[in-house]
Amino acid sequence: MDREFSYTQAHFEQVQAKLYELAGIQLDTSKDALVYSRLVRRIRSLKVGGFANYFVYLQNTPSETQEFINALTTNLTSFFREPHHFDILKGYLQDHPGNLRIWCVASSTGEEAYSIAMTVAEHYGQFDTPVEIIASDIDTDVLTAASAGIYKRERIESIVPQRRKQFFQRGTGGQDGKVRVVPELKRMVEFAQINLLEPSWPIRSTVDVIFCRNVMIYFDKQTQLALLTRLVALLPSDGLYIAGHSENFSAFAQVVRLAGQTTYYPVRG
Ligand SMILES: C[S@@+](CC[C@H](N)C(=O)[O-])C[C@H]1O[C@@H](n2cnc3c(N)ncnc32)[C@H](O)[C@@H]1O
């Protein structure tokens, strides 16, 4: 394939090693074309002339680390993705009245965190609830989008009309074709940047429910076990760890036990 910049196996392996070191993300070799197309945009906009120069720039420019991570994360998400988890959350809210904390650890552009907030607001019949929702991601671009709470209208087409009416406002003028979450819903979620790989997380005290969906798949088994152990340590014994559809922790029976569909209770030693 003719490429604008020379791109070798060694270049791909350098990206692979750097992303693993910074974010714990394991890039499969099948992702090499994707890596090229993502980084070539940085190379063009920085006018560094090629991959070798880009790596030098990355090494010498601390601010480029975040751009490198942002360029390479996969942020696929949607409102009420894997809807059974929101029914499980509804049941948990029913069984646990009062103060609760929910942490959405890889919230991407915010759809998951706002789906949690909608579920909580519906349960309480109001936006003012005793439930704190913290949402985080490593990628600062998705966090900016999440905090804005503005989406293309088609992103909410699958949401039932009652929810669309209650929780979204249609954009007009320059925002035609877009919707924004209502300010009351936005205020229910606190967004923060957290790299799961950091040795300590800025999370005060325990959390009752953790949504950690479709991010562990990017990590190797060793990283998964280390993170799962640290995450479930934040939960009370009846707290919930909610995983993504392809994340199965039956091999980590010393840490979690199944509570429902891809949902786990912590195991206390
Ligand atoms: C595929 S999205 C999943 C979004 C959402 N949880 C869902 O299931 O719809 C994966 C997210 O994990 C984030 N991520 C990847 N590595 C991370 C890390 N080390 N720490 C925190 N977030 C990370 C990515 O930036 C991305 O937004």
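## S205 and its surroundings

Leaving aside neighbours within four places in sequence, S205 is in contact (heavy atoms within 4.5 Å) with R101 and L234. S205 sits in the loop between β6 (189–193) and β7. Helices (H or I, at least four residues) and strands (E, at least two) are DSSP runs, numbered from the N terminus. The C-alpha atoms of S205 and G177 are separated by 41 Å, and these residues are 28 apart along the chain.

This is a predicted model, in which local features need pLDDT of at least 70 and side-chain atom pairs count only at pLDDT 80 or more, while totals for chains, interfaces and linings use all residues. Residues are numbered from 1 along each chain as its sequence is written, and side-chain values use heavy atoms, with hydrogens and water left out.

## Domains

The protein is divided into domain 1 (9–72) and domain 2 (84–152 + 182–266); domain bounds come from an automatic or database domain assignment. The contact between them takes 10 residues from domain 1 and 11 residues from domain 2. The C-alpha centres of the two domains lie 29 Å apart.

## Y92

Y92 is found in helix α5 (residues 84–95). Is Y92 buried or exposed? Y92 counts as buried because its relative accessibility is 5%. Buried means under 20% relative accessible area, exposed over 50%, and partly exposed in between (1.4 Å probe, protein chains only).

Not counting residues up to four places away in sequence, Y92 touches L100, D208, V209, D238, G239 and L240. One of these, G239, is 147 residues from Y92 along the chain, and the C-alpha atoms of the two are separated by 8.9 Å.

## Nonpolar cores

A nonpolar core is a set of buried Ala, Val, Leu, Ile, Met, Phe, Trp, Tyr and Cys residues joined through side-chain atoms within 4.5 Å. The largest such core has 51 residues, and W103 and Y241 touch the most other members. At least two residues of this core come from each of α1 (9–23), α2, α3 (51–60), α4, β7 (209–212), α10 (221–232) and β8 (240–243). Domain 1 (9–72) and domain 2 (84–152 + 182–266) both give residues to this core, so it lies between them.

Leaving out residues up to four places away in sequence, W103 touches I134, S136, I194, L196, W201, I203, V207, V209, I210, F211, L231 and L234. Another core, of 37 residues, lies apart from the largest one and includes L89, I116, I156 and V189.

## Pockets

On a 1 Å grid over the protein atoms alone, where a 1.4 Å probe fits, a pocket is an open set of points with protein on both sides within 12 Å along at least five of seven lines; lining residues have an atom within 4 Å of a point. Grid points are joined across faces, edges and corners, and a volume is the space filled by probe spheres set on the points. The largest pocket holds about 560 Å³ of space. Its lining has 29 residues, of which I25, T74, N214, V215 and Y218 lie nearest the centre. At least three lining residues come from each of domain 1 and domain 2.

The second largest pocket holds about 170 Å³ of space. Residues lining it include R38, E67, N75 and D141. α2 (32–46), α4 (62–72) and α7 (140–148) each supply at least two residues of this lining. Both domains give residues to the lining, so the second largest pocket lies between them.
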